[in-house]
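Trainee: I'd like to learn how to read a structure like this one, feature by feature. Could you take me through it, starting with how accessibility is described?

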Amino acid sequence: MTSTPEETPILQTVEISRAFGGFRAVDGASISIGRGDVVALIGPNGAGKTTLFNVISRLLPPTSGQLLFEGADVTHTSPQRLARMGIGRTFQDVRLFDTMTAWDNIAVFAQTEASGTLRSGLLSPRAVGREAKRVRARVDETLDYAGLSPVAATVAGELSFAQQKKVAIARCLAQQARLMLLDEPASGLDAVEREDVAKIIEKLSSDGVTILLVEHNMDIVREVAHRAIFLAEGKIVGEDAPDRLLASSELAEIYFGHLRAETSTT
Amino acid sequence: MIVFGLTLVYSNITMQLLIYFVVALSLNFVIGYARALSIHHAALFGIGAFTYAVMAQRGWSNDLILCGLAAAVIAAMVSVILAFGSLRISGDYFIVASFAFQFFAIEALFNWTSISGGPNGDYGLPTPTILGLAISSTAAYILVAALLAVATLGFAIWLRRSPYGRLLRAMGDAPSALLTAGFGVLRLKVGVFGISGIIAAVAGVLYAAYLGVAQTATFDVNLAILLVAIVVIGGTGSAVGSLLGAALIAFVQPLLTNLNLSATTTAAVQQLIFAALLVGVVALLPRGLVQLGDLPKLVMRRSRGGSSR
Ligand SMILES: Nc1ncnc2c1ncn2[C@@H]1O[C@H](COP(=O)(O)OP(=O)(O)OP(=O)(O)O)[C@@H](O)[C@H]1O
Ligand SMILES: [Mg+2]
């Protein structure tokens with residue numbers, strides 16, 4: 001299900017870079033994601049994957065380069081605007097609202113922009129009631145979709161790690177994101193839980209959501225991704241079908257050589 | 001009515017309790033939602049007190065609602081500036097900046113003698129009115145303070161349950177995740193600081209009207225720290241906690257006065273008691289006095305060698 005060339009990609013980064021001091025964590029990366037694609041962003045630790053996500057979601061402004069969402073230049077758009085335009089993301093360190101229930105976590109992402117003003121809650125009780133009903137329906141539906149209904153009332157900080165990761169994905173769903181950036185959705189999960197997350201990703205994809213995911217677990221990458229992009233030291237060094245990309249001995253050396261070096265030091 | 005029979009001491013305790021409760025609740029908005037340990041709350045409370053003092057003394061108005069509105073406007077403006085500050089500087093640096101603001105604001109007010117009356121303060125303030133009714137009896141003051149406390153508590157409860165309050169809680173837990181939900185943090189922070197400052201200033205108006213004096217010394221760094229202690233000892237983010245903390249302060253002060261110690265000794269003993277309470281609560285009840293019911297469980301767990309978390 002790759003996009004045809006004449007169709008505008010949902011996301012394009014053009015020669016995008018992000019430096020910290022003199023260090024370029026992302027270094028001239030150009031990627032293009034078609035509508036409905038499931039693309040894996042892989043690469044060794046410290047390659048700049050999360051930094052690229054931070055730039056695409058505009059939590060970090062790029063140092064140079066251009067960011068296009070559905071053909072529109074969003075290089076200087078605020079993260080909250082971008083979220084409203086249809087980009088959702090999860091975090092490698094999850095970042096749920098830990099003192100709030102799973103239900104409330106998702107409700108935040110289902111609320112309208114207007115609910116961010118005190119005025120909205122003070123005026124017109126009828127409008128407030130209608131909006132509350134809409135949010136309730138959306139949240140219940142989302143919890144059901146992600147298989148989280150039984151833990152709706154549980155405080156997020158007390159959920160299992162797998163459930164927390166599912167809530168993070170469910171939040172993107174509640175905001176009706178057309179593009180979801182999932183940062184290591186399966187890390188730290190056991191085989192059964194991983195399969196569960198893979199199922200949700202496949203279901204999202206079949207419902208038309210475009211997905212860009214960072215993942216170290218190659219089984220998941222093979223299972224869900226149509227395409228994989230290999231990032232090393234901030235640069236894109238390969239892009240292909242996951243099986244073919246992972247078969248490259250040169251990239252395997254970068255990836256696993258790095259892992260070997262890491263395990264030998266710990 | 002029973003209130004008419006209260007002795008002066010008891011009405012003082014009740015007034016102190018109600019006012020401290022309101023101020024602590026308002027401070028809780030900033031500490032609980034914005035997660036900014038604000039030290040400058042006494043200054044905002046003081047802004048309210050001097051707004052009343054100036055307006056009443058110059059004969060502009062002694063109406064509590066009018067003075068409350070004026071104080072609210074001034075406190076809101078100051079709070080918005082501080083909210084912007086809290087966005088630029090966070091964590092420990094904010095605490096330092098907030099402390100500095102508290103110190104210099106009161107120092108500046110002290111030296112601006114036409115407003116503050118200098119070391120003597122503004123005294124002999126006329127008694128207030130509310131919608132044309134004179135507030136002359138102690139019972140009337142207590143009634144107004146109780147109304148303010150109930151309104152503030154009602155607002156706090158409503159806020160917590162409202163969609164707006166949900167965003168405020170989310171901001172405290174994970175501000176970056178809130179951005180990815182499509183909400184800017186600036187507007188929410190400004191809102192929370194504004195609400196908090198307005199309530200403190202309104203309480204300050206009532207306090208000055210009740211005492212009939214406003215002195216900068218009342219609103220100095222000592223009170224600033226005392227207010228933070230009330231919130232932390234009671235339990236951050238908890239209305240019941242604020243009530244417990246306020247009650248503690250309101251009762252300990254007159255108890256010490258009864259011991260007939262010298263003024264300086266009283267102050268020192270009081271500070272020692274609060275220091276001990278603060279350390280004790282932080283060590284034993286990380287979530288404050290509201291957790292008191294869990295104390296046996298916490299102690300048991302600790303003595304078994306487990307962690308209290
Ligand atoms: N805010 C920051 N300030 C300074 N350096 C940073 C910052 N964020 C990331 N880096 C550096 O940028 C590089 C890329 O980090 P990034 O988190 O993007 O890697 P990653 O590919 O996501 O790695 P992992 O697989 O371990 O999650 C690392 O060397 C990291 O130390
Ligand atoms: Mg990462």
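Mentor: Happy to! A residue is called buried under 20% relative accessible area, exposed over 50%, and partly exposed in between, using a 1.4 Å probe and the protein chains only. This is a predicted model, in which local features need pLDDT of at least 70 and side-chain atom pairs count only at pLDDT 80 or more, while totals for chains, interfaces and linings use all residues. Residues are numbered from 1 along each chain as its sequence is written, chains are lettered from A and ligands numbered from 1 in the order in which they are written, and side-chain values use heavy atoms, with hydrogens and water left out.

Trainee: Let me try that on a residue. Is Thr50(A) buried, exposed or partly exposed?

Mentor: Thr50(A) has 25% relative accessibility, so it counts as partly exposed.

Trainee: Which protein atoms are the donors of the magnesium ion (ligand 2)?

Mentor: Donors are N, O and S atoms within 2.8 Å of the metal (3.2 Å for Na, K and Ca), and sites may look incomplete because water is not among the atoms. Here, OG1 of Thr50(A) and OE1 of Gln92(A) are the protein donors, lying 2.0 to 2.1 Å from the magnesium ion. These two residues link distant parts of the chain, 42 residues apart: Thr50(A) is in helix 1 (residues 49-56) of chain A, and Gln92(A) is in the loop between strand 6 (87-89) and helix 3 (102-110) of chain A. Such helices (H or I, at least four residues) and strands (E, at least two) are DSSP runs numbered from the N terminus. Gln92(A), with a relative accessible area of 37%, is partly exposed.

Trainee: And what about helix 3 of chain A itself?

Mentor: Asn105(A) is found there, and it counts as buried because its relative accessibility is 0%.

Trainee: On to aromatics. How many aromatic pairs are there over all chains?

Mentor: Rings of Phe, Tyr and Trp (its six-membered ring) pair if their centres lie within 6.5 Å; planes under 30 degrees apart are stacked, over 60 edge-to-face, and the rest tilted. A search of the whole structure finds 10 such pairs. One of them joins Phe29(B) and Phe155(B): the ring centres are 6.0 Å apart and the planes are at 85°, so the pair is edge-to-face. Phe29(B) lies in helix 1 (residues 8-33) of chain B and Phe155(B) in helix 6 (residues 138-161) of chain B, so the contact ties together parts that are 126 residues apart in sequence. Phe29(B) is buried at 4%, whereas Phe155(B) is partly exposed at 22%. Ring pairs also bring in Tyr33(B) and Trp158(B), making a cluster with these two phenylalanines.

Trainee: Rings can meet charges too. Which charged residue sits over the ring of Phe97(A)?

Mentor: A charge sits over a ring if NZ of Lys or CZ of Arg is within 6 Å of the ring centre and within 35 degrees of the ring normal. For Phe97(A), the charged end belongs to Arg171(A), 4.8 Å from the ring centre. Another case is Lys203(A), over the face of Tyr145(A) at 4.3 Å from the ring centre.

Trainee: How many salt bridges are there over all chains?

Mentor: With a salt bridge taken as a side-chain nitrogen of Lys or Arg within 4 Å of a carboxyl oxygen of Asp or Glu, the count comes to 16. Lys166(A) and Asp196(A) form one of them, with the closest N and O atoms 2.6 Å apart. The partners lie in helix 6 (residues 161-174) and helix 7 (residues 191-206) of chain A, respectively, so the bridge ties together parts 30 residues apart in sequence. Lys166(A) is buried at 12%, while Asp196(A) is partly exposed at 34%.

Trainee: Finally, what is the phi of Glu70(A) near?

Mentor: Most residues other than glycine have a negative phi. Glu70(A) has a positive value near 50°, and its place is in the loop between strand 4 (64-69) and strand 5 (72-73) of chain A. Phi of Leu131(B) is also positive, near 50°. Leu131(B) is found in the loop between strand 1 (129-130) and strand 2 (133-134) of chain B. Glu70(A) is partly exposed at 28%, and Leu131(B) is exposed at 71%.
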